[in-house]
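Here is a walk through one fold, meant to be read with the structure open beside you. Take a look at the picture, then follow along.

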Amino acid sequence: MRAETQNNVAAIEKSLKLLAQRMDWDTAPHRLEEFNAMIEDPNLWNDPAKAQKLMRERQALMDAVGTYKLINSGLRDNVELIEMGEAEGDAEIVSDAEAALRDLTKLAADKELEALLDGEADGNDTFLEVNAGAGGTESCDWASMLARMYVRWAEKKGYKVEMQSETAGEEAGIRSVSYKISGRNAYGWLKSESGVHRLVRISPYDSAARRHTSFSSVWVYPVIDDNIEIIIPDNEIRIDTYRSSGAGGQHVNTTDSAVRITHLPTNIVVTSSMKSQHQNREICMNALKSRLYQLELDKRNAVINAAYDNKGEAGWGNQIRSYVLQPYQMVKDLRTGVETSDTSGVLDGDLDQFMAATLAMDVAGKSRAEANAE
């Protein structure tokens, strides 16, 4: 067996070991039996929220077990094919099995990273906000490009995307937009995208065709589920209703039922203008709870980060990534150093390489912090 193939086999075996640890492989069959027994309870759906949570947990375990079995059997089968092909001198069988192992190595690495999404809220749905920075039309157009990028990424993942609110730019683009993105590990993947995103390009709005630099910010925070209780006293919030407006286009809202809720102790403001006043109020309260929970997560992360590294400019709210369209093509993540010249692919939602690198970096940092604490 060639050295490259041996390395691939070792990498897959390492990933399988981690996957088994994360799901507790020894107890997984018993837990699946328990889940299957519980969903047969005719009274289960008397509490829809509890039932949905149970179904999600069951599906997550089934997916984890299925993934482990798929990778394990693929490894075993292709190693046997290589050994058989080498014994019989059949180079074609060996080549095909080696190619299958290369693909399996990538799949195993992806699933290994996904298994590391074990934070308290990583499995939750998420809210994502995009806000244009200073710079007028340029920044508003950049904000709309970022919003499209994340919508395309979510669609490729099979996630559900619901617009919560939108404020149009005066001439083009958007001043701000908020989405709820629903799907397994939506927050876990997207949380690394919070920060300032920088665009460099020849402006289509500049008659002199000069190069412009624009900034927009992205903020990601988890949707709070029933396992996390956030209590907000009535005297800590101010609720305003208003008539939303925009500069024109298909997303303009003319309803009088838009809602704005301000959390007085933190001055956090959340808005919703897409539904009825009652629904907008509910959306805003859920978003506010999520924002307050994110504040607590940020405090915890700040303590962890300080324990192992001074992240400086890579901290939340600072510039995390540059997108250069002229005079050359490059997208570079300033935290991990990952870069690509495929700018059109990135702006069309190909973000996994950046998210995976940041996740791996964060996991490594937390491991160092835990080791130092011991």
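Is Phe-127 buried or exposed? Phe-127 has a relative accessibility of 3%, and under 20% counts as buried, so this residue is buried. Keep in mind that this is a predicted model.

## The aromatic residues

Let's stay with the rings for a moment. Searching the whole structure turns up five aromatic pairs. In one of them, the ring centres of Phe-127 and Tyr-221 are 5.4 Å apart with the planes at 40°, so this pair is tilted. Phe-127 belongs to strand S1 (residues 126–132) and Tyr-221 to strand S5 (residues 211–222), so the pair ties together parts that sit 94 residues apart in sequence. Tyr-221, at 1% relative accessibility, counts as buried.

Another pair is formed by Trp-142 and Tyr-323: centres 4.9 Å apart, planes at 65°, so it is edge-to-face. Trp-142 lies in helix H5 (residues 137–157) and Tyr-323 in strand S9, so here the linked parts are 181 residues apart in sequence. Both Trp-142 and Tyr-323 are buried.

Back at the Phe-127 end, ring pairs join Phe-127, Trp-219 and Tyr-221 into a cluster. Trp-219 also has a charge over its ring: the charged end of Arg-291 sits 3.8 Å from the ring centre.

## The eight-stranded sheet

How are the strands around these rings arranged? Eight strands make an open sheet in the order S2-S3-S1-S5-S4-S9-S10-S11, with mixed pairing. At the edges are strand S2 (160–168) and strand S11 (339–340), each of which pairs on one side only.

S2 pairs with strand S3 (residues 174–182) in the antiparallel sense, over eight bridges. If you want a spot to look at, Glu-162 has Lys-180 in S3 as its bridge partner.

Helix H5, the one that carries Trp-142, lies across S1, S2, S3, S4, S5 and S9. Relative to S5, H5 runs at about 45°.

Why is strand S9 described as largely enclosed by the rest of the structure? Five of its six residues (319–324) are buried, so the rest of the structure largely encloses the strand.

On one side, S9 runs parallel to strand S4 (residues 195–202), and five bridges join the two. Here Arg-198 has Ser-322 in S9 as its bridge partner. S9 also pairs with strand S10 (residues 330–333), this time in the antiparallel sense and over four bridges. In that pairing, Arg-321 is partnered with Asp-333 in S10.

## The three-stranded sheet

There's another open sheet to find, built from three strands in the order S6-S7-S8 with antiparallel pairing. Its edge strands are strand S6 (237–242) and strand S8 (268–272), each pairing on one side only. Neighbouring strands of this sheet are turned by 15° against each other on average, ignoring direction.

Strand S7 (residues 258–263) and S8 pair antiparallel over five bridges.

## Asn-280 in helix H7

Which residues does Asn-280 touch, leaving aside its neighbours within four places in sequence? Asn-280 is in contact with Ser-257, Ala-258, Val-259, Ser-272, Ser-273, Met-274 and Lys-275. Asn-280 itself has its place in helix H7 (residues 277–308). With a relative accessible area of 0%, Asn-280 is buried.

## Cysteines

How many disulfides does the structure hold? The count is zero. As for individual cysteines, Cys-140 is buried, with a relative accessible area of 3%. Cys-284 counts as buried too, at 0% relative accessibility.

Definitions and conventions:
Residues are numbered from 1 along each chain as its sequence is written. This is a predicted model: local features need pLDDT of at least 70, side-chain atom pairs count only at pLDDT 80 or more; totals for chains, interfaces and linings use all residues. Side-chain values use heavy atoms; hydrogens and water are left out. Buried means under 20% relative accessible area, exposed over 50%, partly exposed in between (1.4 Å probe, protein chains only). Two strands pair if DSSP finds at least two bridges between them. A disulfide is a pair of cysteine sulfur atoms within 2.5 Å. Rings of Phe, Tyr and Trp (its six-membered ring) pair if their centres lie within 6.5 Å; planes under 30 degrees apart count as stacked, over 60 as edge-to-face and the rest as tilted. A charge sits over a ring if NZ of Lys or CZ of Arg is within 6 Å of the ring centre and within 35 degrees of the ring normal. Contact means heavy atoms within 4.5 Å. Axes are lines fitted to C-alpha atoms, for helices over the stretch in contact, and angles run from 0 to 180 degrees between N-to-C directions.
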